[in-house]
Amino acid sequence: MTVDALALNNALVEDYLKRFVQEELHTSGFTEACIALSGGLDSALVLKLAVDALGVGHVHTIFLPYKTSSPESRRDAHAMFEFCGIPWQELDISGMADEYLTLQPGIDRLRTGNLLARLRMAVIFDQSKKENALVVGTSNKSELLVGYSTWYGDMACAIMPIGDLYKTQVRSLARHLGLPQQVIAKPPSADLWAGQTDEGEIGVSYETLDQVLFLLVDQRCPAAEVISEGFDADLVHGVEDKIQSSQFKRTLPPIAKLSQRTVGIDFLYPRDWGK
Amino acid sequence: MTYTVALAQVNPACGDLEYNVKMHVAQVEQALEVGADLIVFPELSLTGYMLKDQTLDVMRPADCPEFTGLRELSRHIAICAGFVEQGTDGIPYNSAFFMDAGEVCHVHRKMYLPTHGMFEELKFFGRGGELSIFDTRFGRTGIVICRDLFHPLEVSTMAALGVELLLAPSAMPARGFGGEELAIEHTVGLALGSVSTFLGMFVVYVNRVGFDDGLGFYGGSALSDPVEGITVSAPRFEAVQLLGTVDTSHIARHRYQLPIRREEDLAIVRRALETRRNS
């Protein structure tokens, strides 16, 4: 089955998200944005939205490869710099990563992948301080829900413009905005090791995953109802497990409550308090 | 009777009463320059929406010193604006005042405070318990704040009790981006259409724009006329002030043709409620 409800009015979404980027930055007292460009679709889309929202001179973007990053990532990052009219910026994280990795013999690829994501986070936040900018995040709703992202790594940012768009919706919006075809068409990958693809790791195509997520999350359908729509039972239960087991990534750490007013529990203010 | 209404589709600063009062004064002066008789602002226009614990800091009685400038301006133009009302009981209410001739004539406390999903109003506000019906130079007037508009029983009762002009200050977040219009716009359109068409009221719906913590308010303010339909329609997402004309001269003829208000019989409702209560 296909869920038509995933279709978006892309012109409306584009208008809304550009205003979101503009207003969230300006309310916080910033005019500049910082974006780590990976060569993938999510950061490409966020870069385009930010450039259109803020003006090309106000978006600071940088490609942060590791020595195993694929040549396609560099090629596609390059294509996006050109597409947006931004001079090429690159900082290779291999040196700083390898300093630590050589001290960790036998480190597995998941730990390595998380380390690289967190090093990129450290770099982009430092760059944002240098540029007096806010870090604009590139996570999408599909990966936020199944936890396919590194906590305090690629999830770390000040605002998330596409955090409520499923991956298939990200593709659709990217087509609407005329992003380079090679960026839209490539298999999504975190590029944390050679040959890695999201769909290989998650075990299902984004088309199917997004429909299951839409039914479970947006429509609040019980798993049995989703399965009765024709989706594989193991897949549906697996997705449910992924959503639940990654909940910790989507919350602030619990604070042990002792006082009358506790940060995170009943000390309640909007993010832009006083701005 | 013909009069001009200004729909002030603004973007309040969250928690900044001083800024918002100045913004209101500027909006009122702009409306005065073009000869408007009434200006309507969105829900919580003087405070912002996503206040959370700032609710305590910005609550004021309607006759507070901060609103003196607006009260003075209301000698020349009637003003409906949203604020956090500090009740004499000390409770904060999500309210809207109606000022005219230099006085606060009426305060409506929002009756239906959405507290589900993204909304948490009952966590911070007391609940209003009265229909807003008061007489002004524009005829019998009523105020509904945002979600109140989606409760047909109350709105119908206001019509049955003679309300001609319904003011609907709102802070409706955008959601449902799949169609030509937002899903919430469609919902609001149904409400405005039914209130005007079947209940015969002019509705001044003023929704805010801008973002509070990720919630984006879509604007789309409108003047809904019982005969002409939507006569003023503000753009999505843009802060604007638009003018509309309320012309009541054709209303009697319209009601003669479609005498729904004349037919209305609250006694039927009263009997049903009593029967139900006693059964």
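This is a predicted model: local features need pLDDT of at least 70, side-chain atom pairs count only at pLDDT 80 or more; totals for chains, interfaces and linings use all residues.
Let's start with B:Lys52. This residue is partly exposed, because 18 other C-beta atoms lie within 10 Å.

Where does B:Lys52 sit? In the loop between S2 and H2 of chain B.

Now B:Leu44. The place of B:Leu44 is also a loop, between S2 and helix H2, residues 55–58, of chain B. Phi of B:Leu44 is near 50°, again positive in a residue other than glycine. Buried or exposed, B:Leu44? Buried, because B:Leu44 has 32 C-beta neighbours inside 10 Å.

Next, strand S2 itself. S2 covers residues 38–40 of chain B. Its partner here is strand S3, residues 78–86 of chain B. The two run parallel, and three bridges link them. Look for B:Val40: across from it in S3(B) stands B:Cys80.

Zoom out to the sheet. Which order do the strands take? In chain B it reads S5-S4-S3-S2-S1-S14. That is six strands, an open sheet, with mixed pairing. The edges are strand S5, 103–109, and strand S14, 240–247, of chain B. Each of these edge strands pairs on one side only. On average, neighbouring strands in this sheet are turned by 30° against each other, direction ignored.

A quick reminder on sheets. Strands pair through backbone hydrogen bonds, and the sense is either parallel or antiparallel.

Chain B has another open sheet of six strands. Its order is S6-S7-S8-S9-S12-S13, and the pairing is mixed. At the edges stand strand S6, 133–136, and strand S13, 229–233, of chain B. Each has a single partner strand, so one side of each is left without a neighbour in the sheet. Here neighbouring strands are turned by 20° on average, direction ignored.

Strand S9, residues 202–207 of chain B, runs antiparallel to strand S12, residues 222–225 of chain B. Three bridges join them. Find B:Tyr205, and opposite it in S12(B) you get B:Ala222.

Now, where the two chains meet. How many residues does each chain bring to the contact? Chain B gives 17 residues and chain A gives 19 residues. On the chain B side, the largest share comes from strand S10, residues 209–212 of chain B, with three residues. What is that side made of? By class, six nonpolar, six polar and five charged residues.

Over to chain A. Its domain assignment gives domain 1, 7–198, and domain 2, 204–252. Taken over C-alpha atoms, the centres of these two domains of chain A are 25 Å apart. The domains do touch: eleven residues of domain 1 of chain A are in contact with 14 residues of domain 2 of chain A. On the domain 1 side, two elements give two or more residues: helix H6, 141–146, and helix H7, 167–176, of chain A. H6(A) has the largest share, four residues. By class, the domain 1 side has seven nonpolar, three polar and one charged residues.

Take helix H2, residues 41–54 of chain A. It has 14 residues and reaches 20 Å from its first C-alpha to its last. That is close to the 20 Å expected at 1.5 Å a residue. H2(A) is mostly covered, with 13 of its 14 residues buried. Just after H2(A) comes A:Gly55, with a positive phi of about 95°.

Last, helix H5, residues 109–130 of chain A. At 1.5 Å a residue, its 22 residues should span 32 Å. Its end C-alpha atoms are 31 Å apart, which agrees. Which residues of H5(A) are buried? A:Leu115, A:Leu116, A:Ala117, A:Arg120, A:Met121, A:Ile124, A:Gln127 and A:Ser128. What covers them includes strand S1, 32–37, strand S2, 59–63, helix H4, 94–101, and strand S3, 133–135, of chain A. Just after H5(A), A:Asn132 takes a positive phi of about 50°.

Notes:
Residues are numbered from 1 along each chain as its sequence is written. Chains are lettered from A and ligands numbered from 1 in the order in which they are written. Two strands pair if DSSP finds at least two bridges between them. Axes are lines fitted to C-alpha atoms, for helices over the stretch in contact, and angles run from 0 to 180 degrees between N-to-C directions. Two residues are in contact if their C-beta atoms, placed from the backbone, lie within 7 Å. Ala, Val, Leu, Ile, Met, Phe, Trp, Tyr, Cys and Pro count as nonpolar, Asp, Glu, Lys and Arg as charged, and the others, Gly among them, as polar. Domain bounds come from an automatic or database domain assignment. The expected span of a helix is 1.5 Å times one less than its number of residues. A residue is buried if 20 or more other C-beta atoms lie within 10 Å of its own, exposed if 12 or fewer, and partly exposed in between; C-beta atoms are placed from the backbone.
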